[in-house]
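Biologist: Hello! I am new to reading protein structures, and I would like to go through one with you step by step. Could you put it up for us?

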Amino acid sequence: MAVGNQTVVTEVYVYEQVVILLSCVLSFLGSLLIICTYATWGDLRTTPRKLLVFLSVADLLSALSYFYGVLRVFTSNTKDCIAQGAISTFANTSSFFWTVAIAIYLYIFIVKSSQRLADSLVLYFHLISWGVPLAITVAALALQKIGYDASEVSVGWCWVSIQQDDHVLWMLLTGKIWEFLAYVMLPILYILIKSHIHKAHAALSEYRPILATSPTSQSLSSMADRKLTLIPIIFIALRMWSTVRFLLMLTGSPARQNPVLVMLHGIGNTFQGAANCIMFVLCTRPVRARLLGVLCCRGPGTQSGSDTLSQRTAQTHTDEPSSPRTWEEEEVEEEG
C-alpha cells in the first residue's frame with residue numbers, strides 16, 4: 001500500500017517462487033489432462049464435463065499467466081507486466097464464473113429435474129463467463145488500472161496498479177466481488193443439491209428397500225456426498241488466503257506480508273486446475289482406469305473395456321441418447 005509517495009513492497013522469497021511455480025505447473029497439467037480426457041473418450045462427453053472443460057481452459061490460461069508473473073516478480077509497470085495482469089484478470093474472473101455456472105447447472109438438472117432448462121442455460125453461461133470478464137478487463141486496460149501492485153494482493157504477478165487512487169474499487173471489480181459472491185453461492189447451491197439427493201434416496205429406500213442395501217446405490221450416494229461436499233470446501237480453502245490478504249491490506253496490517261500467508265495465497269490462486277483434476281479425473285473411476293490402461297500400455301484391453309462401457313452406456317440410454325450423466329453415475333457404471 002502506498003504511504004505518502006512511498007510504496008511498501010512485499011518481498012517474494014526464492015523458496016516461495018519455487019513452490020508457487022510448481023503449483024502453476026501442476027494446475028496447467030491438471031487442466032490439460034481434463035481437456036485431453038474429454039477430447040479422447042467420447043462416452044465421457046457429458047454436459048457437466050463440457051462445462052468443466054471450459055473452466056479448465058480458464059484455469060490453464062490463469063496458470064500460464066501466473067507462472068510468468070511469479071517467474072518475473074515484476075517491480076514496475078512494464079508492458080509485459082500489464083499484459084500478464086490483463087490475462088490473469090480475465091482468466092481468474094472467468095474461472096469464478098464457470099465454477100458458479102457448473103453449480104447452477106447441477107442444481108437445475110438435479111434439484112429442478114429439468115435437463116432442458118439446464119441445457120438452455122449453457123449459451124448464457126458462455127456469454128456471462130467469457131463476456132463479463134472480458135468487458136471488465138478491457139475497461140481496466142482502457143482506464144490504465146492494470147499494472148504493478150507491489151505484491152500487495154499478489155505474489156510477484158501484476159494485477160491492479162497500487163498507484164491508482166481507486167485501486168480498491170478496481171480490485172473488487174476485477175476479482176474480489178466475484179470471489180465473495182462465489183463464497184456465498186457455492187455452499188448454498190451444493191447444500192441444496194446434497195439435501196435433494198438425500199431426500200430422494202430416502203424416499204426410494206422407503207418404497208424399495210433393496211436400494212438401501214444395494215452396493216450400487218450406496219456407491220452413488222457416497223460419491224455424490226463426497227464430491228458435492230468437497231467442491232465448495234476446496235474452492236474456499238484455496239481462495240481464502242487471497243481474501244485474507246485483501247482484507248489485511250484494507251486495514252493496513254503488516255501481517256499481509258507474512259511469508260507463510262504470501263505462499264498460501266500463491267498456492268491457492270494457482271492450484272485450482274490441479275484440484276479439479278484430482279477430484280474429477282484421478283478420483284473418478286472410469287477416467288482413472290483408462291489413464292492407468294494407457295500408462296501401462298494396455299492398448300487392446302483398455303479399448304475393449306472402453307467399448308464395453310460405451311455399449312452399456314448406449315443400452316442404458318437407448319430412449320434418451322443425449323442424456324448427460326453426472327460424475328458419480330460414471331463411477332457406478334464402471335462398477336456395474
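Biologist: How many disulfides does a search of the whole structure find?

Modeller: Before we start, keep in mind that this is a predicted model. A disulfide is a pair of cysteine sulfur atoms within 2.5 Å. Searching the whole structure with that rule gives 1 disulfide.

Biologist: Which cysteines form the disulfide, and how far apart are their sulfur atoms?

Modeller: The partners are Cys81 and Cys158, with 1.9 Å between their sulfur atoms. Cys81 belongs to helix 3 (residues 79-111), while Cys158 sits in the loop between strand 3 (146-147) and strand 4 (159-160), so the bond ties together parts that are 77 residues apart in sequence.

Biologist: Is that disulfide left-handed or right-handed, and what is the torsion about its S-S bond?

Modeller: The torsion about the S-S bond of Cys81 and Cys158 is about -115°, so this disulfide is left-handed.

Biologist: Are Cys81 and Cys158 buried or exposed?

Modeller: Here we look at relative accessible area, where buried means under 20%. Both Cys81 and Cys158 are buried. Cys277 counts as buried too, because its relative accessibility is 5%. Cys296, in turn, has a relative accessible area of 47% and is partly exposed.

Biologist: Let us turn to helices. What describes two packed helices?

Modeller: Two things do: the angle between their axes and the distance between those axes. Take helix 1 (residues 14-40) and helix 2 (residues 47-72), which pack at about 155° with their axes 8 Å apart. An angle over 145 degrees counts as roughly antiparallel, so helix 1 is roughly antiparallel to helix 2. Their crossing is left-handed.

Biologist: Which classes of residue make up the contact of helix 1 with helix 2?

Modeller: There are 19 nonpolar, 4 polar and 3 charged residues in that contact.

Biologist: And at what angle do helix 2 and helix 3 pack?

Modeller: The angle for helix 2 and helix 3 is about 155°, and their axes are 8 Å apart. That makes helix 2 roughly antiparallel to helix 3, and the crossing of these two helices is left-handed. The contact of helix 2 with helix 3 contains 16 nonpolar, 10 polar and 3 charged residues.

Definitions and conventions
Residues are numbered from 1 along each chain as its sequence is written. This is a predicted model: local features need pLDDT of at least 70, side-chain atom pairs count only at pLDDT 80 or more; totals for chains, interfaces and linings use all residues. Side-chain values use heavy atoms; hydrogens and water are left out. Helices (H or I, at least four residues) and strands (E, at least two) are DSSP runs, numbered from the N terminus. Buried means under 20% relative accessible area, exposed over 50%, partly exposed in between (1.4 Å probe, protein chains only). Axes are lines fitted to C-alpha atoms, for helices over the stretch in contact, and angles run from 0 to 180 degrees between N-to-C directions. Angles under 35 degrees count as roughly parallel, over 145 as roughly antiparallel, 65 to 115 as roughly perpendicular and the rest as oblique. A crossing is left-handed if the near helix is turned anticlockwise from the far one by less than a right angle, and right-handed if clockwise. Ala, Val, Leu, Ile, Met, Phe, Trp, Tyr, Cys and Pro count as nonpolar, Asp, Glu, Lys and Arg as charged, and the others, Gly among them, as polar.
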